[in-house]
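Open the model in your viewer and keep the selection panel at hand. The stops below go from a pocket to a sheet and end on a single side chain.

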Amino acid sequence: MDPVEELPSMLWGLDPIFSAFARLHIRDILLMPESCQVPDIYFYKSHPIYKVDVLGTVVYKQEREDFYSYGVDDGTGVISCLCWKDDLMKVQVDSDKREKEPHDDDQGAFNPAAELRKLKRTQQSRCRLEIGELLRVRGPVKTYRQQREITAYAYYKVDDPVMAAQIEWMTDVLQLYRQFYNKPLHLESDTACHSPVSSLSRATNIIKDFLQQKLVSKFTPYDVQDLLQPLFLRGTEAAPAHQEPVAGPSACQQLHHLLKEALQVLQDEGLVYRRLKSQDEVYFVTVQDKDLLMAAKDIIREDSKREKFGEKGCHVLHILSAVRQRHSLNVSKAALELVLQALECNSDIVSTRHDHYTTF
Amino acid sequence: MRPIIFNGKSSLEHCRKEFQYEHLAGGLTCYEQDMSRATLTAQHASKEHHVVINTSLVEPFHPIIGAQYLVLGETDSTDGVDMMVRARVLNCIDGVNIPRLQKAITEQRRFFKERESHRDDAVHNAT
């Protein structure tokens, strides 16, 4: 396939068809072009394919010591399938000659040796096929000596006396083609995306990463607003000179607005909270606030001693009201849950049941 | 028995251009083991069609004269007979849900035809 048209290999995993055993017609499997980037990966209409699933009649058979090579015909073409033999099947050839069928001593009793022999025989009957029988094969496509073949991960004989399986296969495959394989792959492009939702999520992620990396315990909006500058610079680069200046919020105002929204999201998630609602907005990072952690721990320890909470433990809402009384009115339930999680990870408290905590 | 022949005999001649493989069905009327030839007959629009099948690839073949068979194979023209089908698969389809089978095969044919026409259109547009 033309290297310019091919999807870069980094993005192949994004195509769900790449991870599935594609049920293509054998004709398409034989004709699909190979990738220039990686050998043994093929493309069907911009979808990268490396493993397939076929159902067809055996039209030729070759047996070797370690494997069978079956030619499978599904009505659109023939492809050879390499089916490795199980160890069971290799041994069977010898044991067949040596063993005779012993009588079951007890008709009703479970005889493991006889059952195992039956199992082996069933497995072999499913794997040893003759010409004209129906075979199902799933596995990767490889090119060996300029011939395409399928190396079977799994294969078995299909009993289909009234062709129901084949008819169903034919109709299902056509459906798959129409709904998935013939439709081009759509990938959302990450760059130059100015939608408000994604810039908000990017802003919150930037702030979250900063708080985590620097182990910040408290901050003001002024401290973090510079972090969001790159989002706006990227925006102005993408819109080059030909765009006329539009009357509207300036970059500075947009940044403030974005910062405010991002901080609100973080508060809603419980990652930060404002201990005191005062003029200067000071935000405390929940899990880094030692005072809050200590307060929660003390509350749980004291209340666990009471008979009321002795067995069951303290409910999270009870802890929340106590923390609000003792520490700060602005602690939200989400923030408290993060605190309790942190305490539990440190083994300071333990959860007795869902939403109930106690201490040792 | 309801006769079925998925393509009339005339379209067999187009076969070589259209598809490499063909699905054909009909009742087995005669089998010549020494020459590896079988004849399938089907009635379509009050006309009897015969198709000669080369069974060399599917031997040993146990014929049931009168039973319906489905052939999957390539069209071939060899010695004396103008159009023969070299069978890769020859299945007895007595007991099969014929309308469903016919529907599936017609769907598949239509799908390939659409694809060929899209390809031809693309080639025309490119030139």
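Start at the second largest pocket, and select Ile131(A), Gly132(A), Glu133(A), Leu90(B) and Asn91(B): of its 22 lining residues, these lie nearest the centre. The model is predicted, so local features need pLDDT of at least 70 and side-chain atom pairs count only at pLDDT 80 or more, while totals for chains, interfaces and linings use all residues. Residues are numbered from 1 along each chain as its sequence is written, chains are lettered from A and ligands numbered from 1 in the order in which they are written, and side-chain values use heavy atoms, with hydrogens and water left out.

A pocket here is an open set of points on a 1 Å grid over the protein atoms alone, where a 1.4 Å probe fits, with protein on both sides within 12 Å along at least five of seven lines; lining residues have an atom within 4 Å of a point. The volume is about 490 Å³, taken as the space filled by probe spheres set on the points, which are joined across faces, edges and corners.

Next, colour the lining by element. Strand 3 (51–63) and strand 8 (154–158) of chain A and strand 5 (81–92) of chain B each supply at least two residues. Strand 5 of chain B gives the most, with five. Strands are DSSP runs of E with at least two residues; helices are runs of H or I with at least four; both are numbered from the N terminus.

Now colour by class. The lining has twelve nonpolar, four polar and six charged residues. Nonpolar covers Ala, Val, Leu, Ile, Met, Phe, Trp, Tyr, Cys and Pro; charged covers Asp, Glu, Lys and Arg; the others, Gly among them, are polar.

Move to the open sheet of three strands in chain A, order 9-11-10, with antiparallel pairing. Strand 9 (218–219) and strand 10 (272–273) of chain A are at the edges with a single partner strand each, so one side of each has no neighbour in the sheet. Pairing requires at least two DSSP bridges. Strand 9 and strand 11 (residues 283–285) of chain A have two. Pick Lys218(A): its bridge partner is Phe284(A).

Last stop: Leu7(A), in the segment before helix 1 (16–19) of chain A. Beyond neighbours within four places in sequence, they are Trp12(A), Gln37(A), Phe43(A), Leu185(A) and Leu187(A). Leu7(A) and Gln37(A) are 30 residues apart along the chain, with 9.5 Å between their C-alpha atoms.

Terms used
Contact = heavy atoms within 4.5 Å.
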